[in-house]
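I opened my notebook to look through this structure one feature at a time. Here is what I looked up, in the order I went.

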Amino acid sequence: MDIFQPLGLQLSETQQAKLHRYFEVLVKENEVMNLTAITDLEGVYYKHFYDSLTLTKAIDLSSVQTLLDIGSGAGFPGIVLKIVFPHLKLTIVDSLNKRILFLGRLVKALELDGIELVCDRAETYAKTKRNYFDLVTARAVAPIDILDELALPMVKVGGYLIAMKAQNFQVELERANKGIHILGGQVESIISLELPNQLGERHLLKIKKVKENNQYPRPYKDIKNKPL
Ligand SMILES: C[S@@+](CC[C@H](N)C(=O)[O-])C[C@H]1O[C@@H](n2cnc3c(N)ncnc32)[C@H](O)[C@@H]1O
């Protein structure tokens, strides 16, 4: 399948086979646990796989070594990026144990290596991985004024947080501007694109970490009730 050509990506046969196996495992396990509302082939390929790979429009992943995907759920975007860029040292942190257990089975079925799966809340995990990752990603995890405090403390100076957003992100971003600054981040660019087949607009918020601030993150109730 060359549906990823608009992204400038040409997948090997092995990578294509892994994506198809991913689709099969996802749909099968979704019968007994809640992983995704999207289960048709086209939907999974465009709304999950293609959408995950739009990240390549925001950053050259060959220059990234350590990637953290926060709240990956059924593996988006982290596992898809790992299939296409196998050199990545991928860490996934998700607070829901059954999702992490699913990801363990998926990683085995796809024969992927170099992946660490962590069941924890990002704001707790951050205390052990300050200023550590080249890139932190998150799709559909939290509004930007909350996500910034979960994610930026774990980005190393010179690295990036890329938040994957659909429409109406502007209001969220306005609310988050001050916090991003406090956390040592700087919005470098916003990459906007359309999914094929008019499946909707996407915006990649690319935030660079320019300085450390090791006072954060706070406990979740403070992050949520009093965003920076
Ligand atoms: C709506 S799902 C999105 C999953 C996936 N990123 C996607 O786009 O399909 C949100 C996920 O984030 C996880 N999550 C929410 N808050 C979190 C936190 N503070 N730390 C770690 N995981 C979190 C949830 O357990 C859930 O799996």
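Before anything else I reminded myself what the labels mean: helices (H or I, at least four residues) and strands (E, at least two) are DSSP runs, numbered from the N terminus. I also noted that this is a predicted model.

**Entry 1**

Next I followed helix H1 (residues 13-30) to where its axis comes within 10 Å of the axis of helix H4 (residues 97-109). The two axes cross at roughly 145°, and the crossing is right-handed. On the H1 side I listed Arg21, Tyr22, Val25 and Glu29 as making the contact; on the H4 side I listed Phe102, Leu106 and Ala109. By class, this contact holds five nonpolar and two charged residues, with no polar ones.

**Entry 2: the sheet**

I traced an open sheet of seven strands in the order E3-E2-E1-E4-E5-E7-E6, and its pairing is mixed. Which strands pair on one side only? These are the edge strands, E3 (115-119) and E6 (185-194). Ignoring direction, neighbouring strands are turned by 20° against each other on average.

Leucine 68 stands opposite valine 136 in E4.

Two helices that pack on the sheet went into my notes as well. Helix H6 (residues 144-151) touches E1, E4, E5 (155-165), E6 and E7 (201-209), and its direction makes about 145° with that of E5. Helix H7 (residues 169-182) touches E5, E6 and E7, and its direction makes about 5° with that of E7.

**Entry 3: arginine 202**

I ended on one residue, arginine 202, which is found in strand E7. Is arginine 202 buried or exposed? A residue is buried if 20 or more other C-beta atoms lie within 10 Å of its own. Arginine 202 has 21 C-beta neighbours inside 10 Å, so it counts as buried. Leaving out residues up to four places away in sequence, arginine 202 touches Asp51, Thr54, Met164, Ala166, Leu193 and Leu195. Last, I compared arginine 202 with glutamine 215: they are 13 residues apart in sequence and 32 Å apart in space, C-alpha to C-alpha.

Technical notes
Residues are numbered from 1 along each chain as its sequence is written. This is a predicted model: local features need pLDDT of at least 70, side-chain atom pairs count only at pLDDT 80 or more; totals for chains, interfaces and linings use all residues. Axes are lines fitted to C-alpha atoms, for helices over the stretch in contact, and angles run from 0 to 180 degrees between N-to-C directions. A crossing is left-handed if the near helix is turned anticlockwise from the far one by less than a right angle, and right-handed if clockwise. Two residues are in contact if their C-beta atoms, placed from the backbone, lie within 7 Å. Ala, Val, Leu, Ile, Met, Phe, Trp, Tyr, Cys and Pro count as nonpolar, Asp, Glu, Lys and Arg as charged, and the others, Gly among them, as polar. Two strands pair if DSSP finds at least two bridges between them. A residue is buried if 20 or more other C-beta atoms lie within 10 Å of its own, exposed if 12 or fewer, and partly exposed in between; C-beta atoms are placed from the backbone.
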